[in-house]
Amino acid sequence: MPADLDRRRAHVLLVVALFLAAACGGTAAPLAAAPTPSATPPPPVVFPRDAGPHDVLTEWWYYTGHLRTGDGAQRYGFEFTIFQVRRAGERAGYLAHFAVSDLSRQRFSHQAHVMSIAPRSAFPLDVQGWRLDTDTRTDTIRAQMDPGPGVVAPYGVDLSLTSTKPPALHHGGYIDYGEAGGSYYYSRTRLAVSGEVRDPERGPTAVSGIAWMDHQWGNFITTSSGGWDWYSLQLDDETEYMLYVLRGAAGAPTPVYGSRVLADGTTEDLPPGAVTAEAVGKWTSPHTGATYSSGWRVRIADRGVSLTLRPQLLDQELYFPGSDSGLVYWEGSVEIADDASGRDVGVGYVELTGYAR
């Protein structure tokens, strides 16, 4: 994959927002200016060591998943993310996002926590009471929303997530950005989840399901871009896809790039033209006025497959009312149907940035 495309794929908007949130959040001291990244030979990814925090400029852990009760009466999607940014000095910035899509009731709640503390060198990571921990194979997430802007209802989760496949190393596990630095990037594409959702109406509710985790870190400084569409697809045949489309400042999209993870855990890089993705609908946010693509058709050339991704809830926009960060994006749970048969064949998450201007 070209280095310039990989560089722009980095979660630009989200990390820039961390700096702004740290400055305006009231509880976090501003970070020092970022030093110029220095080139160092990248050692290979080693587990379990590299699951934890690193002494690098930029890092994040990103979870999305699909949960349901044993009787299937209640279904939820969730997002939980922690960003860590280290700069010169003794403090680092942390930003956590937590969102729940209550699919049965068709409502969406989200919230952010931000803080500046001494850098973490090991798990657990705790951002104002939202906690991520691991025993090297099984992760735990504990988070509880408080009433406030963006919280339609205050959900909480207490989840255990266990990998059923080895980590998928994208582009060999390391992306060289040239003068901008470099980034490690892997995904755990199929996590078995159990635990509970603290549902405001039902109380503690036992759930199970599947999830996806991204971990990216390195000595890179992000820059602005026109945004991207990012897809994680978990198909019933035990195949997963990580796909993304980038847009330049003028809005022109790139081809689809990404990886395919086979049922046996083998990871394949996807060359340009192997997959195409197109929007089949639109949705305009009542909160920000931004118009997003909504519904997507993904075609996989070498398998002769056409899939339609349907949002399970139209309004899954994270917009953080009351914040001056300007951070707005859509990240939501989708169902996946095979166009030839019309059958549902999987679930996924889609992330859309750069639509709110």
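Gln 128 sits in the loop between strand 5 and strand 6 (130-134), with strands being DSSP runs of E at least two residues long, and helices runs of H or I at least four long, both numbered from the N terminus. Its phi is near 50 degrees, a positive value in a residue other than glycine. At 38% relative accessibility, Gln 128 counts as partly exposed; buried means under 20% relative accessible area, exposed over 50%, and partly exposed in between (1.4 Å probe, protein chains only). This is a predicted model, where local features need pLDDT of at least 70 and side-chain atom pairs count only at pLDDT 80 or more, while totals for chains, interfaces and linings use all residues. Residues are numbered from 1 along each chain as its sequence is written, and side-chain values use heavy atoms, with hydrogens and water left out.

- You'll find His 171 in strand 9, and at 28% relative accessibility it counts as partly exposed.
- Phe 47 and Pro 48 are joined by a cis peptide bond, with omega about 10 degrees.
- Pro 48 belongs to the loop between helix 2 (12-24) and strand 1 (58-68).
- Another cis peptide bond links Phe 123 and Pro 124, with omega about 5 degrees.
- Pro 124 is in the loop between strand 4 (107-117) and strand 5 (125-127).

**The chain as a whole**

- The protein chain has two helices and 23 strands.
- Of its 357 residues, 54% are buried.
- Take the contacts (heavy atoms within 4.5 Å) between residues at least 6 apart in sequence: 60% of them join residues at least 24 apart.

**Aromatic pairs**

- Searching the whole structure turns up 16 aromatic pairs; rings of Phe, Tyr and Trp (its six-membered ring) pair if their centres lie within 6.5 Å, and planes under 30 degrees apart count as stacked, over 60 as edge-to-face and the rest as tilted.
- One of them is Tyr 76 with Tyr 155, an edge-to-face pair at 6.5 Å centre to centre with 70 degrees between the planes.
- Tyr 76 is in strand 2 (residues 75-86) and Tyr 155 in the loop between strand 7 (138-144) and strand 8 (156-163), so this pair ties together parts that are 79 residues apart in sequence.
- Both Tyr 76 and Tyr 155 are buried.
- Tyr 174 and Tyr 184 have ring centres 4.8 Å apart and planes at 70 degrees, so they are edge-to-face too.
- Tyr 174 lies in strand 9 (residues 168-176) and Tyr 184 in strand 10 (residues 182-199), so the parts tied together here are 10 residues apart in sequence.
- Tyr 174 is partly exposed at 22% relative accessible area, whereas Tyr 184, at 10%, counts as buried.
- Ring pairs also link Phe 47, Tyr 174, Tyr 184, Tyr 186 and Trp 217 into a cluster.

**Strand pairing**

- Strand 1 and strand 11 (residues 203-218) run antiparallel, joined by 11 bridges; strands pair if DSSP finds at least two bridges between them.
- Tyr 63 has Met 213 in strand 11 as its bridge partner.
- Strand 10 also pairs with strand 11 in the antiparallel sense, over 14 bridges.
- Ser 187 is bridged to Asp 214 in strand 11.
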